[in-house]
Amino acid sequence: MSLKSDSNARVVDQKVTLEMQGSLAVIRIDNPPVNAGSIAVRAGLIDALEQAAGYKASGAILIGEGRSFIAGSDLKEFGLPLTSPQLPDVIRAVELSPFPVVAALHGVALGGGLELALGCDYRLATPAARVGLPEVSLGMVPGAGGTQRLPRLVGLSRAITMICGSQRITAQEALSAGLVDQVVQGDLLEAAIAFLSDAAHPKRLTIELPVPDENREAVESSEQVAGKRGRFRHNVLEAIRLVKASATQPAANALADERATFQSLRVSPDAFALRYLFFAERKAGVIEGVDKSLALPISSVAVIGGGTMGQGIAKALLAAGLDVQLVERDSDARDVAVQSITSSYQGLVRKGRLKDSEASRRLERLRGEVGLDGLGSCELVIEAVFEDMGVKKQLLKELEAVVSDKTILATNTSYLDINEMVADLRRPASVIGLHFFSPADLMKLLEVVRTASTSDTTLATGMALARRLGKQAVVSEVAEGFIGNRIYAAYRGRAELLILDGAMPDQVDSAVRDFGFAMGPFEVSDMSGLDIAWAMRKRKAASRDPAARYVTIPDRLCEMGRLGRKTGKGWYDYSEGTQTPDPLVKALIEEIRADNRIVAQTYDTETIQRQLMAAIVNEAACLLEEGVAQRASDVDVTLANGYGFPRFRGGPLYWASLEESSRLEQDLKALEAAVGHAYRAGPVEQVLGAMKTEAGS
Ligand code: 3H9
């Protein structure tokens, strides 16, 4: 610790500084990039508070340097034994300080950052600040009083909803809920100084406030909703239990209970997996050798094709504040597309999920167009037309002729070879794949596809756009199905073989749900429509290896007009309004088995799960060997963000890296036997070995 002798600024340590402004102590936290509450920050805060007391401060202000207050505890520390002083020690020091302490919040105050603020006597926030306790989404519960102090300010049901839903709320919402005391329009520090200079703001410990009385039904209802949304995971139930304890237990006991629960949960398998995914998601944004700052600014985008996908992409762009031209072939199609977006916003406004003013702003930025002539000023054009190589090639050529030389062209293809698509273009370096997932305005994943000729500038621009849209980007090289659909095809293929060899669709779906997916593969097929994959199979029929095992069941279902939910029947029967296994499908499966002279095997839940996982893991290894994905963790990020893979398992390769290698080997052997002739073994052992080495380093 060093002191500056010629001013009031005292460097408490490199991460925390203390400056006396009159009788007020201004304590600044400076731990870039997000002011994570590392050990240095915690120790610095305690020192600063002690020094402020030594200076007989009449009040103190905790404020963050840079873009945030505190983004939470340093997640890198959580897999290891925690070093003292710990966050509850810092909060105790705040509470024991003889003067009131104000937390001045800007940027984000999350997790431990918000818990520290809750431990302060008052909280002021800028309008753009966001606050929340995201620990549950990381497999834990708040560990420094969040479950005890938050309900004292916002009530039990609101606290349950916020904590279990890992909600990040705005300053205005926090003010209405009673979480912050003032939203500051002008200078935050000046406002905090004025606030503390007011004698009406004496010391006031949050932990000593009573939990507001609340209607029991309201609490029970928020408890049920939160439990269900959190799929009744252990940490979610623990969070609910702890919040409720704030109303019934002495604070000291409940705080100790919370701390013990946090300590055990932070080293739980879920928490390790979710932390892995947190850092994997950030790493996915890094492209080796490509400078992020090359990204071109984008403010105006054209979307070609106003079907479901085009509309979804347009909505994602509008929500991010971009100007959008939605282009259709004729005025009827254009009007239908614009009307459909308008109606969907009206629906959201009616449900209270979008402000009327925001819906109007978005619609003002939307222009429906016919033909390509008006696209000269667009910085980016995304085509979302029919999935056909000829159609897309022709369109890109026409686009090249009308847009400026700086315009980036993107294709939303989900399978086609983009290298072939750009072969005849003048500026292939300006073309990229942007593979959105449907509904494109809601789904988090965006595969950013780099062709053999995509320039670094084009790629960096695609990644920056993804970030602006709030999407999770993953870079893929050109390959059929890119990363996600290629792995999904292997998974679905294995699921269909399981049916052919002895399982029933509901048994497979239920095993997959038990593993943690939201839906099984046959439920997903029914939802998205069996005809999409059918059309693809028909297209590829001529080139199919005749020696490969082929499951005809889905073709037969399509021929019977059973295209899934939209026709009331698919793998299941929906005619009574619920998803019901259909004896007719069972009979069809048995008939096809008999035709193929297959004696049905019996599969237990675990075998089904492990076989499907083996198919995913093997395909992922093949794809890494080919260089389609940059790194193993990108595969995990793809599956967790676009395919419903359970986040608490980290991702398929993370899951596999924790499995006993001999068991995995057995699974892969069984997979090989089931797939037969078409099986290609990926370098699974090598991929997982590299992951383990990285995790240990
Ligand atoms: C907690 O607090 C538990 C307490 O209850 C316990 C009490 C005892 N730790 O996302 P970005 C890094 S649990 C370590 O790209 P953005 C991140 O890895 C914690 N590092 O920026 C990245 O590094 P790099 C509760 C962290 O502007 C860089 O910062 N808190 C942490 O899009 C920039 O991140 C949370 O869950 C961290 N906590 O978003 C908050 N946070 O550049 C998690 C970030 O090397 N964080 N980093 O790749 C976030 O939500 C976002 O990062 C944030 C910034 C909104 C802060």
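Predicted model: local features only at pLDDT ≥ 70, side-chain atom pairs only at ≥ 80, totals over all residues.

Colleague: Which strands does β14 pair with?

Modeller: β14 runs parallel to β11 (residues 300–304), with four bridges between them. Four bridges also join β14 to β15 (residues 408–411), again in parallel.

Colleague: What is the bridge partner of Ile304 in β14?

Modeller: That's Glu383. With β15, Val381 stands opposite Leu409.

Colleague: And are the faces of β14 covered or open?

Modeller: Both are covered: Leu380 and Ile382 are buried on one side, Val381 and Glu383 on the other.

Colleague: What do β14, helix α15 and β15 make?

Modeller: A right-handed β-α-β unit, with α15 spanning residues 389–402.

Colleague: Switching topic: how many salt bridges does the structure hold?

Modeller: There are 42. One of them joins Asp501 and Arg549, with the closest N and O atoms 2.7 Å apart. That pair links distant parts of the chain, 48 residues apart: Asp501 is in helix α18 and Arg549 in the loop between α21 and α22.

Colleague: Is Asp501 buried or exposed?

Modeller: Buried, because its relative accessibility is 6%, under the 20% cut-off. Arg549 is partly exposed at 34%.

Colleague: Where do Glu590 and Lys586 sit?

Modeller: Both are in helix α23, four residues apart, so about one helical turn separates them.

Colleague: Which residues are linked in a network of salt bridges?

Modeller: Arg486, Glu619, Glu625, Glu626 and Arg680.

Definitions and conventions. Residues numbered from 1 in each chain as written. Heavy atoms only, no water. Buried < 20%, exposed > 50% of the residue type's maximum accessible area, 1.4 Å probe, protein only. Helix = DSSP H or I, 4+ residues; strand = E, 2+ residues; numbered from the N terminus. Pairing = 2+ DSSP bridges. Right-handed = clockwise from strand over helix to strand, strands pointing away. Salt bridge = Lys/Arg side-chain N within 4 Å of Asp/Glu carboxyl O.
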